[in-house]
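Let me put the structure up and we'll walk through a few spots together.

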Amino acid sequence: MLLETKVVSNGIKYSTLPTSYVRPVTERPKLLEVTDCEKVPVIDLGCEDESFIIQQIGDACRDYGFFQVINHGVSEEIMEKMLKVADDFFTLPLEEKMKLYSEDPFKTVRLSTSSNVMKETVHNWRDYLRLHCYPLEKYASEWPSNPSTFKEIVGKYCIKIRFLGLRLQQAISESLGLEKDCIEKILGQSGQHMSINYYPPCPEPELTYGLPAHADPNSFTILLQDTQVSGLQVLKDGKWLAVKPLPNALVINIGDQLQAVSNGKYKSVWHRAVVNADKPRISVASFLCPSNDAVINAPKELFISGSPPIYRDYTYADYYKKYWGRNLDEEHCLELFKN
Ligand code: OGA
Ligand code: NI
């Protein structure tokens, strides 16, 4: 394959969508049927009433599997810098970016495209830079040194996001009626990965996706969205809702591991990213993950009410291998771990 056509952020202006990106008619996004979501929960983490925060988080995790947070402790300045350096990276010359290109999902730094190029039949209109972020001392030295500020900015952003993530994990634990550190004890020391997503303008957005419907395989995800360009959609009661960017907010979505740990009380929500014809869109997803050897199971306190365990015990390493061995479009990976 030619260097230019491996990725979609290649500077080429397409007038029609290349056929390998065209979805069959029944699988298209039907953009006109999508409504803007007015009611997506917005939770103010600066609120002094901690028990009110926990209650709202619990409601959002049960009813939506996603929510937005404001006053979350990650400064406006660092969020802006993060988005800017992401843009600078993706607008580097193609040859420079392609030095990092890889299709191996287990590499700790890689530029890639679509979702799982090795397994899928139709591609997605997305490139992404995937980084391992924790421990920072171990991984940051492998990150791109071009743009020259990349390591410093992304490093700072990751530290802030981790702090927020661990606070949310405790609140989620409490919202299930568990001790603050209960989930942390099960999931072990959290891993942290980042996917910097870049969706170039697409000639025929009705025919394809940036990311098709999927659930995230990790514990939960903290998403920084482009401030201007929308594209994130969430499935609620069988309908796709657009989550428009809200200034200074971060979007949180529950992933498969919190669905398992909560014994299905909290939903690992289906979401997708659609593309548009006019502007590139950037998003930065931070994935908090269990440690690889963590044995995932729901704590016994959750069975007191009589609901039997839905999932069998498994390690996160097993789950991750299974997830990447599939195509994103297949059934929910968690289904394969049911009792
Ligand atoms: C993801 C994801 C959504 C977006 O990276 O897993 O769901 O809006 N991204 O880019
Ligand atoms: Ni996702």
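Let's start with helix H6, residues 150–175. At 1.5 Å a residue, its 26 residues should span 38 Å, and the end C-alpha atoms sit 36 Å apart, so that agrees. Keep in mind that this is a predicted model. Just after H6, Gly177 takes a positive phi of about 80°.

In general, an α-helix has 3.6 residues a turn, so residues three or four places apart point the same way. Lys156 is partly exposed, at 48% relative accessible area, and Glu152 is partly exposed at 48% too.

Helix H2, residues 50–63, has Asp59 and Arg62 3 residues apart, again about one helical turn. Their side chains meet in a salt bridge at 2.8 Å, N to O. Asp59 is partly exposed at 31%, and Arg62 is partly exposed at 38%.

How many salt bridges does a search of the whole structure find? The count is 11. Another of them joins Lys338 and Glu335, at 3.4 Å, N to O.

Now the strands. E10, residues 239–242, pairs with E1, residues 35–36, in the parallel sense over 2 bridges, and Thr35 has Leu241 as its bridge partner. E9, residues 232–236, pairs with E10 in the antiparallel sense over 4 bridges, with Leu235 partnering Trp240. E9 and E10 make a hairpin with 2 residues between them, and Asp237 in the turn has a positive phi of about 50°.

How values were computed:
Residues numbered from 1 in each chain as written. Chains lettered and ligands numbered in written order. Predicted model: local features only at pLDDT ≥ 70, side-chain atom pairs only at ≥ 80, totals over all residues. Heavy atoms only, no water. Expected span 1.5 Å × (residues − 1). Pairing = 2+ DSSP bridges. Salt bridge = Lys/Arg side-chain N within 4 Å of Asp/Glu carboxyl O. Buried < 20%, exposed > 50% of the residue type's maximum accessible area, 1.4 Å probe, protein only.
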